Amino acid sequence: MKVTKLLLMILGTGFFFISCEKEEAPSSMEASAEDFQEKISKEDLQLISSLHFNSKDAEIIDLLLPDGSTEKTFLIEGDILLNREQLNNMSSNNITSKQYRTYNLVSNYRNVNVIGYTGGSGQGLTSKQKTALQWTIDNYNALNIGLNFTLTFGTNYSAYDIVVYQNPNGQAGGVAGFPSGGNPYKYVQIYSGMEAYDTNTNEHVITHEIGHSVGLRHTDWFSRQSCGQSGEAAGSDGAVHIPGTPTGYDANSIMLACFSASEDGEFGYYDRVALEYLY
């Protein structure tokens, strides 16, 4: 989802409202073609492709953490983060069946403790984002699944399973990763440009990114139809079809690669089927 994550384009005086979940990386993170080849080896690109992720716009970025520090990580498909260890450990040999999930799921515990970060330096959630996060957690807890989400707000995030915070980059969208070692992905980042969208669309983006954190990948990973694209590599490795859900395009899924400004923030029918099957 590097392909313009929530690509928020200004056309004249209006917004172009078809956006991917992640926007273009900030200019400070952009790399020239030469730098790109130096940063990501041919072997890494082949590994990414073998897991049936779109490697075309993969890059290595400095992931901003809530305390202001950064760490190097792979950014794939615009809003999916994988560190070196995760990339190396994601094997395509564990597929048991052919929305889609990864083969990385939350398995270590049933209670997921979430904190909405309220610290300074532009990384604390806005009032709108905090409301959207509360709606998101309410929606997850309304599902008939074995995971229970608890939410608090504050700054001491180290002990929490998921921390949702803002990146003050002015872009629209968000970014997260997949579970690792049975734990949900910890850092769910919401871009500050989401303040230009309503609460429901913020809810959509937060729900989408937490979906990645518990193991869901893009519903249209095979075509990126929601982004007006086509031709993404198809296959079952790393994109395990969840029984009871469509194998084709599901226009109502919250896990589509791109979104619009008119989202209602709610799970689609098959999103609920998928999560209730998995958990």
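1. Ser192 is found in the loop between β12 and α5; helices (H or I, at least four residues) and strands (E, at least two) are DSSP runs, numbered from the N terminus. With a relative accessibility of 18%, Ser192 counts as buried, a label that means under 20% relative accessible area, with exposed being over 50% and partly exposed in between (1.4 Å probe, protein chains only). Leaving aside neighbours within four places in sequence, Ser192 is in contact (heavy atoms within 4.5 Å) with Gln166, Asn167, Pro168, Asn169, Gly170 and Gln171.

2. On the basis of these values: this is a predicted model, in which local features need pLDDT of at least 70 and side-chain atom pairs count only at pLDDT 80 or more, while totals for chains, interfaces and linings use all residues. Residues are numbered from 1 along each chain as its sequence is written, and side-chain values use heavy atoms, with hydrogens and water left out.

3. The chain holds 6 helices and 14 strands, and buried residues make up 57% of its 279 residues. Its accessible surface comes to about 11,000 Å², of which 47% belongs to carbon and sulfur atoms; such areas come from the Shrake-Rupley method with a 1.4 Å probe, and for residues only the protein chains shown count as cover.

4. Helix α4 has 15 residues and reaches 21 Å from its first C-alpha to its last, close to the 21 Å expected at 1.5 Å a residue, where the expected span is 1.5 Å times one less than the number of residues. The buried residues of α4 are Gln129, Ala132, Leu133, Thr136, Ile137, Asn139 and Tyr140. Seen down the axis of α4, these buried residues fall within an arc of 160° (taken from the directions from the helix axis to the C-beta atoms), so they line one face of the helix. They pack against β8, β9 (148–154), β10, β12, α5 and α6.

5. Asn141, also in helix α4, counts as partly exposed at 31% relative accessibility. Its side chain reaches the backbone oxygen of Phe149 at 2.7 Å, and, not counting residues up to four places away in sequence, Asn141 touches Leu147, Asn148 and Phe149.

6. His212 lies in helix α5 and counts as buried at 0% relative accessibility. A polar contact of 3.2 Å joins the side chains of His212 and His218. The C-alpha atoms of His212 and Tyr185, 27 residues apart along the chain, are separated by 7.9 Å.

Definitions and conventions:
Polar contact = N/O pair within 3.5 Å; in protein donor to acceptor, adjacent residues only side chain to side chain.
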